[in-house]
Amino acid sequence: MNVARVTHHFNASPERVFDAWLDPKTAGKWLFATPTGQMVRVEIDARVGGRFVIVDRRNGEDVEHTGEYLEIDRPRRLVFTFGVPKYSPLFTKVTIEIEPAASGCDLTLTNEDVPVEYLASNEKGWSGILVGLAESLARHWAMAQCRDGGRS
């Protein structure tokens, strides 16, 4: 079994990080987003057995990311299948584990059953996605600080 694993520290609570994966408005800002792409569709049915479809338009082509939620244990663990039908008929399994830390939380993402030829790019892609999540959470926090005059 080929496994890609990445970790990231977030300066945000486990709840905020967890919820960002399941809220369509938030996820559409970072999940599978690319610098030059445009998010054109974000549908998330956040329940076990529910599905997600996130479509990013890249250079005029729509790239669909899809999967099904297998486990939802807020704010500790999220497990889902994941596929990009445009590039492969295969679906992999992604596990998100979030642990509280002194200043925020630590997230470990494990992607199982990754074809060996995609392992390196898979880890790089997920790492970039986690950086995008951190930036999105920081922007949201900064905007909230501006709105309430720093009282948050």
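## Hairpin and sheet

A hairpin joins β6 to β7 through two residues; helices and strands here are DSSP runs numbered from the N terminus (H or I of at least four residues for helices, E of at least two for strands). The model is a predicted one, in which local features need pLDDT of at least 70 and side-chain atom pairs count only at pLDDT 80 or more, whereas totals for chains, interfaces and linings use all residues. Residues are numbered from 1 along each chain as its sequence is written, and side-chain values use heavy atoms, with hydrogens and water left out.

Nine bridges join β6 to strand β7 (residues 104–112), and the two run antiparallel; two strands count as paired if DSSP finds at least two bridges between them. Within this pairing, Glu 97 has Thr 108 of β7 as its bridge partner, and Glu 99 stands opposite Asp 106 in β7. Strand β6 is also joined to β5 by six bridges, again antiparallel, with Thr 95 in β6 as the bridge partner of Val 79.

These strands belong to an open sheet of seven, in the order β1-β7-β6-β5-β4-β3-β2, with antiparallel pairing. Its edge strands, each pairing on one side only, are β1 (3–10) and β2, and the twist averages 20 degrees from one strand to the next; axes are lines fitted to C-alpha atoms, for helices over the stretch in contact, and angles run from 0 to 180 degrees between N-to-C directions. Helix α1 (residues 14–22) packs on the sheet, where it touches β1, β2, β4 (61–73), β5, β6 and β7, and its direction makes about 40 degrees with that of β7.

## Nonpolar core

The largest nonpolar core has 32 residues, of which Val 17, Trp 21, Phe 80, Ile 96, Leu 107 and Trp 126 touch the most other members. Such a core is a set of buried Ala, Val, Leu, Ile, Met, Phe, Trp, Tyr and Cys residues joined through side-chain atoms within 4.5 Å. Two or more residues of this core come from each of β1, α1, β3, β4, β5, β6, β7 and α3 (119–147).

Leaving out residues up to four places away in sequence, the contacts of Ile 96 include Trp 21, Phe 80 and Leu 107, a contact being heavy atoms within 4.5 Å.

## Aromatic pairs

Rings of Phe, Tyr and Trp (its six-membered ring) pair if their centres lie within 6.5 Å, with planes under 30 degrees apart counted as stacked, over 60 as edge-to-face and the rest as tilted. By this rule the count comes to nine aromatic pairs. Phe 32 and Phe 82 form a stacked pair, 5.1 Å centre to centre with 15 degrees between the planes. This pair links distant parts of the chain, 50 residues apart, with Phe 32 in the loop between α2 (24–27) and β2 (38–44) and Phe 82 in strand β5.

## Lys 86

Lys 86 is found in the loop between β5 (77–82) and β6 (92–101), and is partly exposed, with a relative accessible area of 41%. Apart from neighbours within four places in sequence, Lys 86 is in contact with Glu 61, Asp 62 and Val 63.

Note on methods
Buried < 20%, exposed > 50% of the residue type's maximum accessible area, 1.4 Å probe, protein only.
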